Amino acid sequence: MKKRIACLLVVASLVPALATAGNWSIDDARSKIGFQYQAMGATLDGEFPQYMADIELDPAKPDQAQITLDVTTAKTDAGNPDATAEVGSPLFFDSRRYPTARFASSRIQPQGNGRFLVEGKLSVKGITRPAGIPVMLKTEGKNQRLTGTFKLNRLDYRIGEGMWADTSALANEVKVAFSLLLVPKPSRKTP
Amino acid sequence: MAFALVANFTLGVSVSEMDLSPLKLKMLAWHKWAGMTLLALVTLRLVNRLIFQPPPPEPAPRWQQRAASWMHAALYVLMFAIPVSGWLVTSAAGIPVIYLNLWELPQLLPKNLEWADPLKEVHEALNQALLMLVIVHVLAAIKHHVVDRDSTLVRMLPYLEKRR
């Protein structure tokens, strides 16, 4: 009986760890991953409203952090109803085949004053390329605020194939800007 | 100007029936450029009309004189209101007009997607009204030319000979 209970406890303690790794969660209400792109020269603002992150971070040793972020491509808000309806289609994110876009960090270089270059791999639509994202980390009470902007070329990831490869209508460059509020998970102690 | 107006009307109608594509985005931009050009031209024309008296109308029954002046007023109002309503649509949609890919025109409204569709319906309704009025205007001009045999039509068209 004792053995059984011990067994259950072990399993129970494993479950949350399996469900969400990392020692921080993101406060969605106070976080945003947005992007900017240009159509016929006009700038439009979009947003990735749904994402999940696994963040292993010791604020005392931020360069040791591990960050993995998955964005649900089908939920993309492209800032215009026609564009939002189109963006999950095979020509753009092909959300049915590639439901998530992932960034996974591999190395973090401190650059002073709370700035870091997070190097890693960005995988979108089955294409994985190295990416370096400059970020800033700031302590907000018990929480940490992670912000950054970077540019990418949508055609590197085949976002907009076929007729949409025409960059005179839809610019190649897309600017991504994010601000994430990391909240320590209560279940585990944060150092 | 009448030709440009018809051309941009046709462009607007065809673009509204297209599925989203790079060509549609380009045609939409052309439609907006043409609309803004027409707005500038109609403004100049209105100023000109207010400064210089038009020539007195051809003799006609009083009801026709009144109908004609109402028609002209309505045509001017619509020629002005239609491009402005289009500008409001694109402002509400949050897509500024980049005139000739060179100059970004100011937005008339802050971005508000809930207003974009109703404003588009207003833009379309005004166009429907203009189409009706233009048909009546053209029929009336033809009637004056063919039935009354006066110079109402030729005085609108600079390249035709004056009738005596």
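Me: At what angle do helix α1 (residues 2-16) of chain B and α2(B) pack, and how far apart are their axes?
Reply: The angle is about 150°, and the axes lie 10 Å apart. Bear in mind that this is a predicted model.

Me: Why is α1(B) called roughly antiparallel to α2(B)?
Reply: Angles over 145 degrees count as roughly antiparallel. The pair packs at about 150°, so α1(B) is roughly antiparallel to α2(B).

Me: And which hand does the crossing of α1(B) and α2(B) have, left or right?
Reply: That crossing is left-handed.

Me: Which residues of α1(B) and α2(B) meet?
Reply: From α1(B) you have Ala4(B), Leu5(B), Asn8(B), Leu11(B), Gly12(B) and Val15(B). Their counterparts in α2(B) are Lys24(B), Met27(B), Leu28(B), Trp30(B), His31(B), Ala34(B), Gly35(B) and Leu38(B). Sorted by class, the contact has nine nonpolar, four polar and one charged residues.

Me: What else does chain B contain, and in what order?
Reply: Chain B has five helices and two strands. Reading from the N terminus, the elements go α-α-α-β-β-α-α. Its C-alpha trace spans about 55 × 35 × 30 Å along the principal axes. Buried residues make up 20% of its 164 residues.

Me: Where does Pro106(B) lie?
Reply: You'll find Pro106(B) in the loop between β2 (103-104) and α4 (113-148) of chain B. Pro106(B) and Leu88(B) are 18 residues apart in sequence, and their C-alpha atoms are 11 Å apart in space.

Me: How do you know whether Pro106(B) is buried or exposed?
Reply: Count the neighbours. Pro106(B) has 8 other C-beta atoms within 10 Å. A residue is exposed if that count is 12 or fewer, so Pro106(B) is exposed.

Me: How does chain B touch chain A, in terms of residues?
Reply: On the chain B side 13 residues are in contact with 15 residues of chain A. Helix α2 (residues 22-51) of chain B supplies the largest share of the chain B side, four residues. By class, that side divides into nine nonpolar, three polar and one charged.

Me: What does the secondary structure of chain A come to?
Reply: Chain A has two helices and ten strands. The order from the N terminus is α-β-β-β-β-β-α-β-β-β-β-β. Of its 191 residues, 26% count as buried. As for contacts between residues at least 6 apart in sequence, 55% join residues at least 24 apart.

Me: What makes strand β5 (residues 66-72) of chain A and strand β6 (residues 100-112) of chain A a pair?
Reply: Pairing takes at least two bridges. Five bridges join β5(A) to β6(A), so the two strands pair, and they run antiparallel.

Me: How many bridges join β6(A) to strand β7 (residues 115-124) of chain A?
Reply: Nine, and these strands run antiparallel. Against the cut-off of at least two bridges, β6(A) and β7(A) therefore pair. Gln109(A), for example, has Leu117(A) in β7(A) as its bridge partner.

Me: What do β6(A) and β7(A) form, and which turn residue has a positive phi?
Reply: They form a hairpin with two residues between them. In the turn, Asn113(A) has a positive phi of about 55°.

Key
Residues numbered from 1 in each chain as written. Chains lettered and ligands numbered in written order. Predicted model: local features only at pLDDT ≥ 70, side-chain atom pairs only at ≥ 80, totals over all residues. Contact = placed C-beta atoms within 7 Å. Nonpolar A, V, L, I, M, F, W, Y, C, P; charged D, E, K, R; others polar. Axes fitted to C-alpha atoms, helices over the stretch in contact; angles between N-to-C directions. Parallel < 35°, antiparallel > 145°, perpendicular 65-115°, else oblique. Left-handed = near helix turned anticlockwise from the far one by under 90°.
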